[in-house]
Amino acid sequence: MTERVFNFSPGPAVMPVPVLEQIQGEMLALPGVGMSVLEISHRSKAFDAILAEAQALTRELLRVPENYRIIFLQGGAHLQFTMVAMNFLRDSGKTAEYILTGSWGNAAIKEAQKQGPTRVVWDGKEHNYSYLPKWSELKLSPEAVYVHFTSNETIQGIEFVGEPETGGVPLICDSSSDFLSRPVAVNRYGLIYACAQKNAGIAGVTMAVIRDDLVERVPKALPGMLDYSNFVKNDSRPNTPPVFAVYAFMLVARWLKNEIGGLEKMAALNQRKSKLLYDVLDSSGGFYRPHARPDSRSQMNVTFRLPSEELEKTFVQEATKHQLCDLKGHRSVGGIRASIYNAMPVAGVETLAGFMRDFAKRSG
Ligand code: PMP
């Protein structure tokens, strides 16, 4: 099969077609280099330029202030769960606070608990993580070493708007599934991290935007590959970085800037896309049951149930025949999940919305 389907996978996920085409076009030789990006040294001038452009574009798109470093790491967002706690919680004599809004917040605290004391400030477990707290509800301690939250819970399909007021306590965010999908007030954060394989490219690289005073706090004796300050000091190259994944990230960032026109435009497009699907859910007369409460709905992952598991199975099978692929929900929530990251075209979402209306009419 060479025809492209509409790919609603939660990640690795759909990529912008112009980016794939450019990768294809440059696969044998990078312009002016004469070697494939798969063959160049991570210390070469060609890679220096790719890395510098990736950082500059991130800084420009997210309006990252001067006192933040942009680094590329490996080990996925999972390793960030550990690194955050090793760098800032372990041996601090303090407690780290976690806001538990779904599967990924829980995965993050589990790793942190191995490094030091943690406190859960809010837990949405009793309603199966179907909504988020209001920021004003949270009782955060001024003594915490940091506050950690997940801006978008990929599995449950709930997404925060904005961020909590933490006073002087550093705010740390797992932004894996909504990074670069909208503008963010970076100056409110100590550290934002995100794996790339949803909105920002391919698996293999993880981004971190980290404030200078946090880099300075990193204890001395950490293993080098788990030490943020080592990545800053060596400009993301304490060892061989994932060259191809950084290149793919850079091309996606270029696409965001040049073809989309920046994060405000991207956010407007993402809102338009998610509204198309939430409108179908809300006007289905109860046939589709959204998982997320309306005030907590994600722009990235739209999650819902059908009247029976049998119908959910049929829905996924029929959708696949219509080239609408990877719509099965995560087993912990069940039902359907449509992941509609930056690169999902409006046409894909319109096709899915049309299919959903038709399916409800035939089956309801
Ligand atoms: N956090 C969030 C919000 C995610 O969506 C994911 C991936 N689905 C992860 C963490 C884990 O990422 P990785 O597989 O790169 O470790």
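Reply: Two strands pair if DSSP finds at least two bridges between them. Helices (H or I, at least four residues) and strands (E, at least two) are DSSP runs, numbered from the N terminus. This is a predicted model, in which local features need pLDDT of at least 70, side-chain atom pairs count only at pLDDT 80 or more, and totals for chains, interfaces and linings use all residues. Residues are numbered from 1 along each chain as its sequence is written, and side-chain values use heavy atoms, with hydrogens and water left out.

Me: Which strand do four bridges join to E12?
Reply: E12 covers residues 301–305. The partner runs antiparallel to E12 and covers residues 336–339. In that partner, Ile336 is the bridge partner of Phe304. The strand is E14.

Me: Which residue in E12 is the bridge partner of Arg289?
Reply: E11 (residues 289–290) pairs with E12 in the antiparallel sense, over two bridges. The bridge partner of Arg289 in E12 is Arg305.

Me: How many of the residues of E12 are buried?
Reply: Buried means under 20% relative accessible area, exposed over 50%, and partly exposed in between (1.4 Å probe, protein chains only). E12 is largely enclosed by the rest of the structure, because the buried residues among its five number four.

Me: Which residue in E10 stands opposite Leu191?
Reply: E8 (residues 171–174) pairs with E9 in the parallel sense over three bridges, and there Leu191 is the bridge partner of Ile172. E10 (residues 206–211) pairs with E9 in the antiparallel sense over five bridges. In E10, the residue opposite Leu191 is Ile210.

Me: What is the radius of gyration of the chain?
Reply: This radius is taken over C-alpha atoms, and the globule rule is 2.2 Å times the number of residues to the power 0.38. For 364 residues the rule gives a value near 21 Å for a compact globule, which agrees with the chain's own 21 Å.

Me: What share of the residues of the chain count as buried?
Reply: The chain has 10 helices and 14 strands, and its C-alpha trace spans about 65 × 55 × 30 Å along the principal axes. Of its 364 residues, the buried share is 55%.
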